[in-house]
Amino acid sequence: MLWLRLFWWVVWRGFVWGTILGGVVGAVVVLFAGAIYGIYYGAIMGLLVGALNGVLLCLVAWMYSGPQMNENAFKHAVQAVGILVNIVGSFAVASLLFGLMGFAFVPAVIAGITAYVLSGKFVKYAIEQMRAAQHRSVAKKSHLTPSV
């Protein structure tokens, strides 16, 4: 259940921020019609890249989970994976959706900046959730152990 919560946290934010930022970029390019298309394409891009990012960040969290977790190393790993996946994934999806390699760098840069901003929040949320899961596990084990 822990990994599902972490995955959903990433996917949901990818979808929401993709939709919002897609609308803003579209509005800057072609006002109202651009905002409508930007919201649509931003939502698609945010959902696809967010799902990929969610899987990979859950894998990173799983690798760093444990009682002796190095929070600083975990933060740097999340930032590296999150930013790289967002930039490359957004560039690939934008290239496929728009067919314009020259324009695809705009969503990629925006996605990279957004990933950097959200990575710190994900780290805090993931650490909080992993510690809570560890406490529940310890409490369940101590409850099942007979007292002497």
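**Pockets in a predicted model**

The lining of the second largest pocket divides into 5 nonpolar, 3 polar and 2 charged residues. This is a predicted model. The largest pocket holds about 660 Å³ of space. The second largest pocket has a volume of about 160 Å³.

**The second largest pocket**

- Two helices, helix 1 and helix 3, each supply at least two residues of this lining.
- Helix 3 gives the most to the lining of the second largest pocket, with 4 residues.
- The lining includes Met 1, Leu 2, Trp 3 and Arg 5.
- Ser 65 and Gly 66 also line the second largest pocket.
- Met 130, Ala 133, Gln 134 and Arg 136 are among its lining residues too.
- Arg 5 and Arg 136 are in this lining, and they count as charged.

**The largest pocket**

- The lining of the largest pocket is made up of 38 residues.
- Trp 17, Gly 18, Leu 21, Gly 42 and Met 45 are the lining residues that lie nearest the centre of the largest pocket.
- By class, this lining has 22 nonpolar and 15 polar residues, with 1 charged residue.

**Helices around the largest pocket**

- Three helices each supply at least two residues of the lining of the largest pocket: helix 1 (2–64), helix 2 (71–98) and helix 3 (105–144).
- Helix 1 gives the most to the lining of the largest pocket, with 24 residues.

Note on methods:
Residues are numbered from 1 along each chain as its sequence is written. This is a predicted model: local features need pLDDT of at least 70, side-chain atom pairs count only at pLDDT 80 or more; totals for chains, interfaces and linings use all residues. Side-chain values use heavy atoms; hydrogens and water are left out. On a 1 Å grid over the protein atoms alone, a cavity is a set of points where a 1.4 Å probe fits but cannot get out, and a pocket is an open set with protein on both sides within 12 Å along at least five of seven lines; lining residues have an atom within 4 Å of a point. Grid points are joined across faces, edges and corners, and a volume is the space filled by probe spheres set on the points.
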